[in-house]
Amino acid sequence: MRTKVGIVGGGPAGLVLSHLLYLEGIESVVLESRSREELENEIRAGVLEQGTADLLDATGVGDRMHRDGAVHHGINLRFAGRTERIDFADLTGKAVTLYGQHEVVKDLISRRLEDGGQVLFGAEAHEITGIESEEPKVRFSHEGSEKPEKSEEELACDFVVGVDGFHGVSRPAIPEAARTEYTRKYPFGWFGILVEAPPATEELIYANHERGFTLVSTRSPQIQRMYFQCDPTENADDWSDDRIWAELHARLDTEDWTLTDGEIIEKNVVGMRSFVTEPMQYGRLFLAGDAAHIVPPTGAKGMNLAVADVRVLSQGLAAYYYSGDTGALDRYSERCLRRVWKASRFSWWMTSMLHRFEDDDVFGHRMQVAELDYVTGSRAASATLAENYVGLPLEASKGSGTESPQRPAGAPMGGA
């Protein structure tokens, strides 16, 4: 097989990139190890920054998001027995949209297949080679609808983009001596539940409590998502529904507000860490999303960072195929990492302000309460939180003078 851009990973980042390249007339092939059904039913977080929602809308895949998503103009911070609202609309003029990641994936898969895109499900990448040459290759095994048994195949490309997550084959393809990895592991996890119940709140609640952090979110008018801080080694099956609700009520209920219970349909425990690798490119291999960086979910940045990465990359690839200019591609890592580190800082700050740590004493908790009191009482501090939460603007490529390269007049779609 031969294509211009080989994309290893069919999650949101890989699908958005393939869609953006298609709109520019650039051919790509997406290799995804999971089945379409698995991808479309994997329940993940779904807070879309303003820029992410705008991109999906502008590129023709935002119809269901507008119909089924919920636009939120703020969040609530609950601490010391009171609740304070951060008003995004007033502070930034922007908002976020709650729309599940799996729903975004459904929309993108449907559009890519409708447009004749090559998305190979059940295609497990094993090795990426030749990334310092002009024709890197991806070796993979594929079990398609017409192939009852997996067969070994090879995809030759102009460029390879690794969006196959932390445990994928893409990042290790960069020589160990050529990359630096930064990691922070947090001493707690999130116990997450999906609940069949009406919304308990119009906007998200982030709660700092002596017993630990809690988050109340929503997925639809019928399905709610809630998390509470726990030991990362906890077994979700050891928690009865009654025990879960007792813990949530203890951390969330106030004199004038009580959490709405419902039927728990899913529960799991996830660990938390921060991770960044530098650089995000080597030769003709580019990393994006969780293959390059992971943030704790407190700041709602994971999918948004991945989409920002591939948006920058699509601009660089478009410039290359239109004019042969490699400047934007050469600056890809530098440009993305500025945003990645800012998002990592914000996620770390939100996590540190809202969670209880193992070595916390009464003084440490009082410092958190004071921080929250300042953030909610100062317009400047509230604006800092708001502008980070709704999404920082995509920074222009240094020296380019423009955020997005424009196709020269008369240039064919797809360029070279």
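The model is a predicted one, so to speak of a local feature takes a pLDDT of at least 70, side-chain atom pairs count only at pLDDT 80 or more, and totals for chains, interfaces and linings use all residues. Residues are numbered from 1 along each chain as its sequence is written, and side-chain values use heavy atoms, with hydrogens and water left out.

Helix 1 (residues 12–23) packs against helix 6 (residues 101–114) at an angle of about 35°, and their axes are 10 Å apart. Here the axes are lines fitted to C-alpha atoms, for helices over the stretch in contact, and angles run from 0 to 180 degrees between N-to-C directions. The crossing of helix 1 with helix 6 is left-handed, a word used if the near helix is turned anticlockwise from the far one by less than a right angle, with right-handed used if clockwise. On the helix 1 side, the residues that meet helix 6 include Leu15, Val16 and Tyr22, and among their partners in helix 6 are Val105, Leu108 and Ile109. Contact means heavy atoms within 4.5 Å. Sorted by class, the residues of this contact are seven nonpolar, three polar and two charged. Ala, Val, Leu, Ile, Met, Phe, Trp, Tyr, Cys and Pro count as nonpolar, Asp, Glu, Lys and Arg as charged, and the others, Gly among them, as polar.

With helix 8 (residues 302–323), the angle is about 165° and the axes lie 10 Å apart, which means helix 8 is roughly antiparallel to helix 10. Angles under 35 degrees count as roughly parallel, over 145 as roughly antiparallel, 65 to 115 as roughly perpendicular and the rest as oblique. Helix 8 passes helix 10 in a right-handed crossing. Among the residues in this contact are Leu305, Val312 and Leu313 of helix 8 and Tyr332, Arg335 and Val340 of helix 10; the contact has eight nonpolar, one polar and three charged residues.

With helix 12 (residues 379–390), helix 10 (residues 332–354) packs at about 125°, the axes being 11 Å apart, so helix 10 is oblique to helix 12. This crossing is left-handed.

On to the strands. Two strands pair if DSSP finds at least two bridges between them. Six bridges join strand 9 to strand 10 (residues 137–142), and Thr129 stands opposite Lys137 in strand 10.

Strand 13 (residues 180–196) pairs in the antiparallel sense with strand 17 (residues 263–278) over 14 bridges, with Thr183 opposite Phe275. Strand 13 is also joined to strand 16 (residues 223–230), again antiparallel, by eight bridges; Glu196 stands opposite Ile223 there.

Finally, aromatic rings: a search of the whole structure finds 18 aromatic pairs. Rings of Phe, Tyr and Trp (its six-membered ring) pair if their centres lie within 6.5 Å; planes under 30 degrees apart count as stacked, over 60 as edge-to-face and the rest as tilted. One of the pairs, Trp190 with Tyr227, is tilted, at 4.8 Å centre to centre and 45° between the planes. Trp190 sits in strand 13 and Tyr227 in strand 16, 37 residues apart, and the pair links distant parts of the chain.

Key:
Helix = DSSP H or I, 4+ residues; strand = E, 2+ residues; numbered from the N terminus.
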